[in-house]
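Got your viewer open and the model loaded? Here is a short tour, one selection after another.

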Amino acid sequence: MSANSASPEIDAGKPSGSGSGFRIPSVPFWAQIVAGLVLGVLLGWLTRSQDIDWLYTTLDKVGHIFVQLLKLAVAPLVFFAIMVSITNLRKVNNAARLAGRTLLWFMITSLIAVAIGLAIGLITNPGSGTGLTPKDGAKPENAGSWLDFLTGVIPTDVITPFTELNVLQIVFLAAVAGIAALQLGEKAQPILTLSESVLTLLQKALWWVIRLAPLGTVGLIGYAIADYGWDLIGKYATFTADVYIGCALVMFGVYPLLLATVAKVSPLQFFKGAWPAIQLAFVSRSSVGTMPVTQKVTERLGVPKEYASFAVPFGATTKMDGCAAIYPSLAAIFIAQIFDVQLGVGDYVLIAFVSVIGSAATAGLTGATVMLTLTLSTLGLPLEGVGLLLAIDPILDMMRTATNVAGQAMIPVLVSAREKILDHDAYNAASASPVDEPEVRETGPKGVPVAA
């Protein structure tokens with residue numbers, strides 16, 4: 001199968017049916033997503049303007065069910081994806097070097113992203129003129145701290161992380177299991193075979209959920225508009241614009257620049273190939289939920305499967321330029337201005353430090369509240385400021401997650417190009433058509449893909 005072959009289930013624009021006679025043309029998946037966005041906005045506006053209770057409840061339930069279906073697969077998906085990805089590194093030459101370079105570029109791009117966020121915040125003063133006061137905020141029920149972050153990595157048992165969906169602890173368990181399997185060698189092969197089969201099953205089931213994304217979009221967007229309204233969004237206009245502009249600068253400025261100068265590949269071709277993952281991330285607001293799609297498009301862009309199966313799950317739980325860099329830097333400035341707290345150079349350095357080191361606290365789940373509370377507690381800012389941003393969070397989270405996922409696909413491409421293991425023919429042939437089944441590409445003896 002070629003690297004850019006479209007799937008039979010989610011093909012973009014090909015007519016359905018077989019044989020002669022009338023055929024109903026299938027609607028491209030991206031068009032379904034756009035239609036869901038438009039319909040969601042219209043229904044949300046209608047619900048709020050006409051005060052239609054049953055429609056409000058329906059939009060809420062549709063969006064909630066879609067998110068719950070995504071979360072249902074998160075715990076086992078993260079565990080088996082991380083475990084299998086670590087064991088797959090044994091098939092790749094210079095695995096330690098690849099892992100180190102991946103982590104290094106994660107940190108570099110996070111620093112760039114947080115610098116952009118701070119610069120935008122200092123220029124625009126998003127907390128000024130909003131009409132919001134400290135009394136409008138409320139302390140979150142759960143707050144992150146460095147002690148909680150460090151001690152919370154290790155679970156007290158192997159069941160609770162899965163029942164309470166503590167992704168960071170699940171990552172820890174998966175990493176331990178993967179490393180242990182590597183040490184055992186052939187003795188661990190039966191469990192590795194089972195793990196790979198379970199991962200394939202989970203990804204297949206998640207594809208069914210992903211196909212519901214257009215309906216989920218209607219519910220999530222419609223409920224957001226109906227619940228919050230344009231008036232509330234207007235109070236946060238500068239802050240919202242700052243987040244979207246910051247994410248756009250990183251996604252469409254920094255990433256293309258790195259691709260063109262460091263990886264020496266076409267940025268336009270990257271976005272063409274990565275688009276299915278980026279658009280799904282925008283709708284689902286979950287890096288982990290989007291992970292199967294992100295991995296498929298990354299492989300389709302010519303990244304060796306063995307390396308992509310490590311880098312993408314690793315990035316889905318730690319690579320958060322939107323949620324853990326741009327957003328907390330802007331939010332810290334916003335909250336400091338609302339509470340009339342002066343931030344100094346040392347505070348901005350702390351924000352950068354937290355963004356790079358503490359990004360794993362976001363763990364790829366919807367929302368970045370934990371990361372924000374971690375940043376505020378480090379700076380000594382009132383945690384009540386989190387309450388000021390919770391109302392607008394779903395609107396912000398769409399762009400943040402799209403930025404996260406774009407970075408999670410870009411770094412493996414960049415590292416592969418630098419290490420000369422990128423399949424340039426596959427990269428240049430990658431299309432924007434959605435993917436469904438795993439891309440099967442043969443590999444050479446050293447884990448470097450060969451042309452199909």
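How many salt bridges does the structure hold? There are 5, a salt bridge being a side-chain nitrogen of Lys or Arg within 4 Å of a carboxyl oxygen of Asp or Glu. As background, side chains of opposite charge can pair when their charged atoms come close.

Some ground rules before you click. This is a predicted model, in which local features need pLDDT of at least 70 and side-chain atom pairs count only at pLDDT 80 or more, while totals for chains, interfaces and linings use all residues. Residues are numbered from 1 along each chain as its sequence is written, and side-chain values use heavy atoms, with hydrogens and water left out.

**Stop 1: the whole protein**

Start in cartoon view. The secondary structure comes to 19 helices and 0 strands; helices (H or I, at least four residues) and strands (E, at least two) are DSSP runs, numbered from the N terminus. Of the 452 residues in the protein, 55% are buried. Buried means under 20% relative accessible area, exposed means over 50%, and partly exposed is in between (1.4 Å probe, protein chains only). Take the contacts between residues at least 6 apart in sequence: 84% of them join residues at least 24 apart, where contact means heavy atoms within 4.5 Å.

**Stop 2: glutamate 419 and its arginines**

Glutamate 419 sits in the loop between α18 (393-418) and α19 (424-429) and arginine 97 in helix α4 (residues 95-124), so the pair ties together parts 322 residues apart in sequence. Is glutamate 419 buried or exposed? With 18% relative accessibility, glutamate 419 counts as buried, whereas arginine 97 is partly exposed at 41%.

Arginine 101 is partly exposed, with a relative accessible area of 29%.

**Stop 3: along α18**

Next, pick aspartate 397 and arginine 400. They form a salt bridge whose closest N and O atoms are 2.8 Å apart. Both lie in helix α18, 3 residues apart, about one turn of the helix, and both are buried. Back at the previous stop, salt bridges that share partners join Arg97, Arg101 and Glu419 into one network.

Keep this area on screen and select threonine 240, found in helix α10 (residues 237-263). At 12% relative accessibility, threonine 240 counts as buried. Leaving out residues up to four places away in sequence, threonine 240 touches Ile392 and Leu396.

**Stop 4: leucine 37**

Jump to leucine 37 in helix α1 (residues 29-50). Leucine 37 counts as partly exposed, at 23% relative accessibility. What does leucine 37 touch, not counting residues up to four places away in sequence? Show Thr217, Ile221 and Phe282. Then try a distance label to proline 214: the two C-alpha atoms are separated by 7.9 Å, though the residues are 177 apart along the chain.

**Stop 5: helix α7**

Select residues 167-184, which make up helix α7. At 1.5 Å a residue, its 18 residues should span 26 Å, and the end C-alpha atoms are 25 Å apart, which agrees; the expected span is 1.5 Å times one less than the number of residues. Colour by burial and you can pick out the buried residues of α7, among them Val167, Leu168, Ile170 and Ala181. Just after α7, glycine 185 takes a positive phi of about 70°.

**Stop 6**

Finish with α3, where 14 of the 15 residues are buried.

Now look for the second largest pocket, with a volume of about 350 Å³. Its 17 lining residues include Val84, Asn88, Leu199, Gln295 and Lys305, the closest to its centre. Elements giving two or more residues to the lining are α3 (74-88), α8 (189-210), α12 (287-300) and α13 (305-318). The pocket comes from a 1 Å grid over the protein atoms alone: a pocket is an open set of points where a 1.4 Å probe fits, with protein on both sides within 12 Å along at least five of seven lines, and lining residues have an atom within 4 Å of a point. Volume is the space filled by probe spheres set on the points, which are joined across faces, edges and corners.
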